[in-house]
Amino acid sequence: MISHRDNNTQRIAALDERAEALRLKRGMGIADARAMHPSIDVVEADPEADRRLLEGLADWCDRYTPLVAIDGEDGLFLDVTGCTHLFGGERAMQDEILARFFQQGFDVRAGLASTPGAAWAAARFHGDRILAGGEEEALLSPLPLSALRIAPETRASLESVGLRTAGAVMAAPRAPLARRFGATLLLRLDQALGRLDEAVSPRLPVAPLSVERHLAEPVVLTDDIERLVSRLAIALKTDLERRGEGARTLALLLFRVDGAVNRIAVGTSRPMREPRLIQRLFHERLTALEQSIDAGFGFDLVRLSVLSVAAFDLVQGDLTGETDDDDADIALFADRVRARLGEAAVLKPVVVESHLPERAVKTVPFAEAPQGRAPAAGRTPPPRTAPPMTVYPPERPVRLFRSPEPIEVPATEIPEGPPMNFRWRRALYRVARAEGPERIAAEWWRQLPGEEEAPTRDYYRIEDSEGRRYWLYRQGLYSSAAQAAPPRWFMHGVFA
């Protein structure tokens, strides 16, 4: 028996057949049950574990249809429209589902009907029933009010006026029912009878394209799985070509014979539909997950799904069939590394519209970065009507520090000039040459109301007595009357 706490009282939440034979019922207090049968075994309910189990069963039911929804705490909705012929018909499909659940140790009930409400009632009040279209009213009429999936308060109110079955509600005038018991009662009734549509919202997004292979003999080896991926990718390529699209996210679903499901996803930085490349990505991912994938008694169903797509741009090749696309190899390399080590393993710098050096570039995951080569910072292409001209960007260091590091400047030749020497990381450096300043003002348009204005920066390119080159700046001006504190110096980067 399973118990749960209800209003500071432990009550029976679920019980098996032996407990039912002892005339124990759901909702009965545990104290009363122990008084009747002191030897009963009571286990505290674990809602979180029950939820995980139900989600695992929902994953396993994906083998029958991608439209699987969770119904409350102990049920599943499967929209099998257009899927039953793949399993030999409605009866054969339902029998297979019940048999497989029984083999896994579950006692389940199933119902199949043209509406979710009728299927729900057939499963919970008959256990194994398949309804033809138009039989919903005959099924529901003798059933209690709970078969309509209405709130307990509404059910109690209906029973108080003598309406104790769904048939009695259907025979009553609709207008008085709506006024007294609310519109939800009639909504549930119309949904069960098929007068109003009721959509089943799947718990997972439905893949636009999927191919699968049912296996007579389960597979356990990674090499066998990779060969199946290659064959499924060939089948996917035809559909992708017909749609003029390429895959951006793919998922490999491995259904184990005992009910467990492994989901393995890979992403691509470019639209992809070449089977050989898809197989290489999953090879990297399977290699990385080899220790965590438990094949058990083997996988008897393998499905390859395309979760997201993008337009596929064809590239013109030369007479040898080769294409001049240098970025394709880089993209494939990055995709393979990401498949093996994770999304954050490969980052790409992206230019940001900001003239402050630390804000001018940010790193993003490779797949999220814009494709193609961005123009170099500072190189603005001239208008077509203007005469040819060359714009040289200011020289920037090879290594730019994430945060500028403070330095000590004992003296300068002139107040606004470069330093004669400086101390950085406890070492003294003597300046041999200096270029600058390059003045960069604060981004006033990002300043919040009431926030103090950021000081101006004067950048210098410095070469010390040993030939090493640095990029440092002075924050603030000596001549600024509004600035009470003296200017400070910072090291921002080093040149090659």
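Helices (H or I, at least four residues) and strands (E, at least two) are DSSP runs, numbered from the N terminus. With that in place, a caution on the source. This is a predicted model: local features need pLDDT of at least 70, side-chain atom pairs count only at pLDDT 80 or more, and totals for chains, interfaces and linings use all residues. Residues are numbered from 1 along each chain as its sequence is written, and side-chain values use heavy atoms, with hydrogens and water left out.

Start with Ser210. Ser210 sits in strand S8.

Now its partners. Leaving out residues up to four places away in sequence, Ser210 touches Leu236, Arg303, Leu304 and Ser305 (contact: heavy atoms within 4.5 Å). With Ser305 there is a side-chain to side-chain polar contact at 2.8 Å. Polar contact here means a pair of N or O atoms within 3.5 Å; within protein, one must be able to donate a hydrogen and the other to accept it, and residues adjacent in sequence count only if both atoms are side-chain atoms.

Next, the core. A nonpolar core is a set of buried Ala, Val, Leu, Ile, Met, Phe, Trp, Tyr and Cys residues joined through side-chain atoms within 4.5 Å. The largest one has 30 residues. Ile225, Leu250, Leu252, Phe282 and Leu304 touch the most other members. Helix H11 (222–243) is among the elements giving two or more residues. H11 supplies the largest share, seven residues.

A second, separate core has 26 residues, including Leu143 and Leu193.

Definitions and conventions. Buried < 20%, exposed > 50% of the residue type's maximum accessible area, 1.4 Å probe, protein only.
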